[in-house]
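Work through the exercises below with the structure in view. Each task is followed by a worked solution.

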Amino acid sequence: MGFRNTDLRQLPRPGAWAAAAALAVAGLLAGCGGGGGGGGGGGGFPIVGGPPPTGNPPTDGGGGNGGFAPSSEAAGLCAAPRRGINPETGGAYPDNAGTVDNEKNWVRSWIDETYLWYNEVPTTLKAADYATPVAFFNVLKTPATTSPSGRAKDRFHYIYDTEVYRQLSQAGVSPGYGIEFAFVRSSRPNRDLRVAFVEPHASSPAAAQGIARGAKILEIDGIDVLNGTNTAVINRGISPQAAGETHTFKLQEGSATRTIDLTAAQVTRTPVQNVKTIGDPGNRVGYLLFNDHITTSEAQLIAAVNKLKENGGIQDLVLDMRYNGGGQLNIASRLAYMVAGPGQTGGKTFELLSFNDKNPFRLTLAQALTPFLGTSRTNQPLPTLGLSRVTVLTSPDTCSASESVINSLRGIGVTVNLVGGTTCGKPYGFYPQDNCGTTYFAIQFKGVNQAGFGDYGDGFAPNANCTVADDFDHPLGDPAEARLAAALALRSAGACPVPAASAKAAPGTGLDKAQVGPEEEQPALLNRSPLRENRLIDPPPSAG
């Protein structure tokens, strides 16, 4: 019954490489010793083979002794069944008449079956105490924290309207102005809200208005952004809910100011931008800005690598993922392969997934292992750079699948230097699951690299002295932009400039809207969807 996005083919299927995969897994098992993924039996590697676990006796789905009816018994029983044609399958929706209680029972059982830390969910939570299945889902997660930061271990629990998710994940389309906003400072007084970048696509209202990176937002709908207390108006202006919604912005661009109306449109993301080479032939550094691991990024990444290979190619690469919150794991695997090439990735593991002790999806080891993918979705060989070193520009918004690129390359011995800020810390992912028009995202696996490492819940820190603040005074890709300049200095001199500026390190929350409290520090990048902070995996063959 589940939402199945056939373009999200991250999980390798059994095939000709299964024997090699088994050998790679055996090496990982020996090297990692069953390293942990946290509670809920989430440590170690996928349990494979054998009969399915014995089901628990039914309960009202409200907690108590931990026994729940199978989620399949409540799946598709909806308080408001969808009618018409499902654009994902071309057939009817799998919905039948049901109740809110049916939906809440499905949520509780699905969490108990598939959540990585299912036995850390408080047993005192009762479905009857929550008005909607979404409200109930929001609390059904571990309360544990990570060490040493003390941040919540699960900061990535969220939902999406299924149709909105389908459009965004497949085509990179969502309502907005084509602007990514960023707070340099989010607390009063003197907030500093900037344009981080603008989508160059023709569907971008911001591009049509000539707005560029670095523009400072002074007012939204007449509300003073710098010192105002009406954060509801500010938040609504930053994150329009639908195409056609109009808000008035007062901008400061250099020494000039102007006031304009921006009308939200269905904007198509351009995941790969600013591809260029820096330096002379024989000593060239490639640069590319990569913002989204979405389906449309594959062709753009291939074109970028081919461009970097022209006229003698490059000797080093700066991969700018400071704003890349993640996405499809198969895109990350292909990117890592294109960076390193077949010689370094052959027979190696990109990422191995570990589940809870129920192995809810009944995956074999081969199915749980993602190799370095050397061909495109259309089975064409990928171009490669064959680099043994890469520098990644990072921030707290660099998350999930982006961190997988870093971790997987390090796992095969590629030197990965980091310049910017500490990444978000998400070695986890999930199988998006639709029920009754809501797609639920709950952590179901942890990933480890070829060396068996995946414990980076507090993120990857930059190289020594390479913590560098985001520079809104220069375009992305400008060699004078602070993070890129530091990366070029690291390459030529072996060290980042000293002293380096301090990067903003406000922790990311995975929220899709900016919730700007008057005195509360917020994530640096706003107006982004939580979809961009996750590994996305298609439901496995046995998931229904």
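Two residues are in contact when heavy atoms of theirs lie within 4.5 Å. The model used here is a predicted one.

**Exercise 1.** Locate R334, decide whether R334 is buried or exposed, and list what R334 touches.

*Solution.* 
Step 1: Find the element. R334 belongs to helix α8, which covers residues 329–340.
Step 2: Apply the cut-off. A residue is buried when its relative accessible area is under 20%. R334 has 9% relative accessibility, so R334 counts as buried.
Step 3: Collect the contacts. Leaving aside residues up to four places away in sequence, R334 touches E298, L373, T375, S376, R377 and L382.

**Exercise 2.** State the strand order of the open sheet of 5 strands and name the edge strands.

*Solution.* 
Step 1: Read the order, which is β12-β13-β14-β18-β19, with mixed pairing.
Step 2: Look for strands that pair on one side only. These are β12 (272–278) and β19 (415–420), the edge strands.

**Exercise 3.** In which sense do β14 and β18 pair, and which residue in β18 does D320 stand opposite?

*Solution.* 
Step 1: Strand β14 spans residues 316–320 and strand β18 spans residues 389–394; the two pair in the parallel sense over 3 bridges.
Step 2: The residue opposite D320 is L393 in β18.

**Exercise 4.** Which strands do helices α7 and α11 lie across?

*Solution.* 
Step 1: Helix α7 (residues 297–309) lies across β12, β13 (285–290) and β14, at about 10 degrees to β12.
Step 2: Helix α11 (residues 401–411) lies across β14, β18 and β19, at about 145 degrees to β19.

Methods: Residues are numbered from 1 along each chain as its sequence is written. This is a predicted model: local features need pLDDT of at least 70, side-chain atom pairs count only at pLDDT 80 or more; totals for chains, interfaces and linings use all residues. Side-chain values use heavy atoms; hydrogens and water are left out. Helices (H or I, at least four residues) and strands (E, at least two) are DSSP runs, numbered from the N terminus. Buried means under 20% relative accessible area, exposed over 50%, partly exposed in between (1.4 Å probe, protein chains only). Two strands pair if DSSP finds at least two bridges between them. Axes are lines fitted to C-alpha atoms, for helices over the stretch in contact, and angles run from 0 to 180 degrees between N-to-C directions.
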